[in-house]
Amino acid sequence: MARIPLARPSLGSEEVEAVSAVLDSGRLVSGPRVEAFEKAVREKVGAPHAVAFHSGTAALWATLRCLDVGPGDEVIVPALTFPATAEAVIFNGAVPVPADVDPDSFNLDHRDVALRMTGRTKAVIAVDQFGVPADYPSIESVLERHPDVTLVEDGACSLGSSLDSRPCGTFGEAAILSFHPRKIVTTGEGGMVLTDHDGLAGSLRSLRSHGQDASGAFSLPGLNLRMGEMEGALGQVQMGRLDDLIGRRRALAEVYERHLPGGVTLQKIAPTADVNWQTLAALLPAGTGVRARDAFLEAMRSRSIEVGIASFALPALPAYRDFSRDPAEYPGAMRVHESGIALPLFPDMRVEDVEEVAAAVREVLENGGDGS
Ligand SMILES: Cc1ncc(COP(=O)(O)O)c(C=O)c1O
């Protein structure tokens, strides 16, 4: 294991006690903890409905399903995203259509979204990449010309971020969150849908629990996509710590900003955005190709510092060959795919560790990328 990991959840005695209390109670599913966690997220984000799922991917899949996305439909997704965004489209029988991203913000380029619209476009999924809000004002202005197209926010990483004082989790018809251990608040595996539509929330609750509606009738076929009580208890405690967890990340990101060498460009954040620093993502100097990036990552790992590539360009992944276009159509996504990096950042990281990582980045780059 690396001496300085890329990410590590902040879990303390409160979390341990909360999970133990669930075990003591004997009520492991469909109890008060998940409900209390949903309420905590709803109140924090300011969304009328919050419906917990056992993962962010399940939450996104269920959202598209309840919005009637299906065979014959196209859904525009960022060309640069974690594959879950596209998986949720494919496993509803629809076709994901990648649109390019801005290579500075790593977020959807609204001009490419406009170009990718067809008569079959049913929805656009905007991802708040690494907790940085997508450019919703521009995306919404494109969608004004396509009133039948639904906007969904993939806010897997953006709990606690906001744009123009509007919290992430409130953009579009519905937004999803993830509580994977690399996210701001963790439940192990876990996800949630936030929406202000009563009908959609009801359908989601039914779909996640075998299609049973509020009256108890099995009105539609469903699945078991529920979150368990241990996860709900963990999430409730973590929500109580949200501001502190984000505050610590912000303070560490400032140390990175002061110490990283000039050639490394951090993901760009709009001046009106407030971000949670879910990931410290950056671009290596222009002209860095895949081989030089890999040599950089290797040199960092040899110092026992865990680093990764920033994110994935779907058109470059074998799994998406059937749905993708030529990667050359996506210069923004390919630039980040090929020269984007993620550096360690987590709430319990020490300032000295951030300084050490930044110094290692400088040294490796000064030595031609491989630290030799
Ligand atoms: C942008 C994005 N969407 C969706 C997901 C899926 O979330 P989960 O891992 O909880 O299924 C992730 C997870 O990393 C993600 O980064």
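Predicted model: local features only at pLDDT ≥ 70, side-chain atom pairs only at ≥ 80, totals over all residues.
Let's start with the ligand. There are 14 residues around it, and the ones that come nearest are Gly56, Thr57, Asp154, Ser178 and Lys183.

Three of those put polar side-chain atoms by the ligand. With aspartate 154, a polar side-chain atom lies 2.7 Å from a ligand nitrogen. Serine 178 has a polar side-chain atom 2.7 Å from an oxygen of the ligand. And for lysine 183, again we have a polar side-chain atom 2.7 Å from a ligand oxygen.

How much of the ligand's accessible area does the protein cover? On its own the ligand has 390 Å², and the protein covers 90% of that. As for where it is, the ligand sits in the largest pocket.

Which elements give two or more residues to the shell around the ligand? Those are α3, residues 56–66, and α4, residues 84–90. If you sort the shell by residue type, you get 5 nonpolar, 7 polar and 2 charged residues.

Now, away from the ligand, let's talk salt bridges. Searching the whole structure turns up 19 of them. I'll pick out one: arginine 205 pairs with glutamate 38, and their closest N and O atoms are 3.5 Å apart. What does that pair link? Distant parts of the chain: arginine 205 is in helix α7, residues 198–207, while glutamate 38 is in helix α2, residues 32–45. The two residues are 167 residues apart.

Key: Residues numbered from 1 in each chain as written. Heavy atoms only, no water. Near = heavy atom within 4 Å. Polar contact = N/O pair within 3.5 Å; in protein donor to acceptor, adjacent residues only side chain to side chain. Areas by Shrake-Rupley, 256 points an atom, 1.4 Å probe, with all protein chains shown as cover. 1 Å grid on protein atoms, 1.4 Å probe; cavity = no way out; pocket = protein on both sides within 12 Å on 5 of 7 lines; lining within 4 Å. Sits in = over half its atoms within 2 Å of the grid points. Helix = DSSP H or I, 4+ residues; strand = E, 2+ residues; numbered from the N terminus. Nonpolar A, V, L, I, M, F, W, Y, C, P; charged D, E, K, R; others polar. Salt bridge = Lys/Arg side-chain N within 4 Å of Asp/Glu carboxyl O.
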